[in-house]
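Please consult the sequence and the structure alongside the text.

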Amino acid sequence: MATERSSLLERRRQSNYNSLQDFPALPSGDDIQAIHNTSAPPTFVSPGYPSTPSLRDDRHHSRFKLFNKRLGSYDEDRQGLLKENTGLRVWYESYSTIDWIHEIIKEGVRVRKLREAPGWRGRWDKAKDASQAWILVILTGATVAFIAWFIDVVQEWMSDLKQGYCTTNWRYNSKFCCWGKEGASCPDWRTWPEVFNTQSESSSYHSAMFMYTAIGLLLSLIAALMVVFSAEKVVTRAPPPKAVSKPTTPTFANSKLEDIEPPKPQTKIAYYSAGSGIPEVKVILAGFVIKGFLGIKTLFVKSVGMIFSTSSGLNCGKEGPFVHFACSVANIFCRMFDKYNKNESKRREVLSASAAAGVAVAFGAPIGGVLFSLEEIMDPFGTGKIVLFQVSYDKEYHLFELVPFLLCGAFAGFFGAFVSYFNIKYQHLRKNSFIGKYPISEVLAIMLITAITSYWNPFARMGLNEFVMNLFSECSPNNDNGGLCADDVSEIPRLLYLLLTTLVIKMCLTMVTFGCRVPGGIFLPGLIVGAVTGRIIGLVMQYLTVVYPNAWPFTACAEDFATRGECVIPGVYAMVGAAASLTGVTRTTVSLVVIMFELTYSLTYAVPIMIAVMVAKWVADAMFIEGIYDLLIDLQLYPYLDARKEYVHTHTIQDLTENNHATIDIDQLNTVGKLYDKLEDIASMGYSEDGGFPILSNNGKYLEGYIASTELSHALNQLCRYFDNSPYPMTEQECRDVPCYFRRSDQDNGVVIDSADNPVLCLLPSNPSIQTIDSERQERQPLNDFSIYVDQAPLTINLNASMELLMEMFVKLGARYVCLTNSSGKYLGVIHKRTLLAYLKQLEEDE
């Protein structure tokens, strides 16, 4: 085989290539096998122009440059990065983790080169660079504001279709159709019983319920179809056995690879447009890569599908999806500038700002001024206000009301955590049973159950936004808040019954609805659970103060009764309970209090809200620590490392070290076939997406560098593609026998220099001049020289270091791996981020 390969390369050299000076003869197979010092590689293969994959890809995608985020090379300043000894990177694969350290170094090289640019051209480049962030923020804010306005307007109109339509203008919902006729009859708005000309009260009820259910089923069906048919198939690996993924004994890392059953690849359906998207956004901001999740298709399906799902009557909100599509908008606009498109760290800075913009536009309360144009130019909610649920409470609370406020926090926090717990239980059931195989049928079944259980109760069938507004509002003679106000104390028991049944219905529906295959979040349903709880407690307090006005401590209400006619405002309790419930669901505290202030534009009851939120946090944490989004991250098995958690470590660094992890010894012959076999080995261990190989020397004793599996796979594929497209293509076995090299002998340009002691065979294009050959040879890297992809300064840690130091390296530096060495610098093994996460998960389960 070696003789045939030598003959093939000799024919190429004689017929299609020129020699640089005097080409040395190709070593025989026995000579290649005997090579040990690869610092002087005997054979290099240089790429020709037509077969360079990057050039071919550029021609194919040039007309779609604005929308193609993977155009050209990921690292363009090759020489600058090689001087930093960090190596080059290729585009990250899906379900991998970005290299934060490399991205920071890459940005530093870019900024340094930009500052060194002289003259007016340099000043102009600096000005353009500084303006890019502002351009992205303005474009993202304006686009998100417009999409949110469109969704709100269409959603309100489509939601009212379940009740009737406007005869004067089909584009008007019930509010605008009857504008100026509040409290009076509105002949312009025709309900479905009026359309069907029903006579009896029973037939009117059933015809209205039928249309409510039918239109709800139709809208939910459209939303589910959009999500299901936009789903993507992704190949993942099943979770590895517990002995591998969850180290329970100090000897787990020393087990032999042959004794471990490798995780099997499996194909699953990824519904990127379903749910809220906040868990995925959270892990993406932490450095995880999910290709397509923030793309154009997902943006369209999420935005349009959200209109249908929230209008159908399903118990889901649009606040979480707002965060998702805001990040999608920012991600798409990042493709305009290489500064953000080709640096994942800089891209996540913009995504963080867009996530805040999504929260702001969801409630019409801009945070940090990101949506300044929304406030000044647009009126997104048709109310003339910039907040979604504006209330005005100027009455001070009494000291005895702090006790029911505490009860609001305790009960609402408990109910929020209760809903989260059983929602995750149901999502586990959906994932591991036949329910997950029929997503459209599940959505239709949930919609049917929602209509049957909710329609009889006027509060349960009310739209979510309208219901929250009525719960928060103060009763007045001109507005009974949708029937929530009691004109007499005798009506309070009936209201309590309706609200209690509404609470049970909303809690049960939220448990099964959130996570089904339609766009929708849990923010507003969770808020409603707490608001109903608070309204119930408020009505109870109102009943007690009216029936027992002379009892202690209600005697303090005498002045209020004389001046206002009431002492307790149930809407205040609803506002306090809403904040507490969201704390129980998401475990957020300070940011949630600020959102509630911006949401209602009311600061009078700041202290009760903060007290209730803290009590809710304590109660929910007593049940379990994680919020709903952290539980969803665990459910999806995303490699997310939470920096806020504290652990009591029971293992040492050596216990987590993988001593049998595949490595590359640069003192031995590394052929294409052997390297492909090593890639298959780490893929069988579950590290195909973001694994890699330590580069060792001196018979595997000392660490020289590290190469990621994605870079190695890219380099091998590029090399084999060159041979496939060459005039004399190799056989598969001949391609597998081609040697590859990882050591750089020249730190300036990374190219091995030809000499009498170092014979290097470069295959160059035919018939160029000698000067052209010399120039090209210095600039173009041989394809089988993989040293440009090697990180010459890998992260290492001493075996005597503490687990706390290891945690800091993964958390603060965003490391994907850490190599373990002893005091003399000898390589001992590698600790991967996935191994650390499995260990931390085991610690949580053992607590």
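A charge is taken to sit over a ring if NZ of Lys or CZ of Arg is within 6 Å of the ring centre and within 35 degrees of the ring normal. In this predicted model, R123 lies over the face of W120, at 4.7 Å from the ring centre. The charged end of K106 is likewise placed over the ring of Y74, 3.6 Å from its centre.

The cysteines form 4 disulfides. In one of them, the sulfur atoms of C166 and C177 are 2.2 Å apart, and the link is right-handed, with 75 degrees about the S-S bond. Because C166 belongs to strand β1 (residues 164-166) and C177 to helix α7 (residues 174-177), this pair ties together parts that are 11 residues apart in sequence. C166 is buried at a relative accessible area of 4%, and C177 is buried at 7%.

C178 is bonded to C186, with an S to S distance of 2.0 Å; the torsion about their S-S bond is about -95 degrees, so this disulfide is left-handed.

A further disulfide joins C557 to C567. C557 lies in the loop between α21 (523-547) and α22 (558-563), and C567 in the loop between α22 and α23 (570-586). Both cysteines are buried.

How values were computed. Residues numbered from 1 in each chain as written. Predicted model: local features only at pLDDT ≥ 70, side-chain atom pairs only at ≥ 80, totals over all residues. Heavy atoms only, no water. Disulfide = S-S within 2.5 Å. Helix = DSSP H or I, 4+ residues; strand = E, 2+ residues; numbered from the N terminus. Buried < 20%, exposed > 50% of the residue type's maximum accessible area, 1.4 Å probe, protein only.
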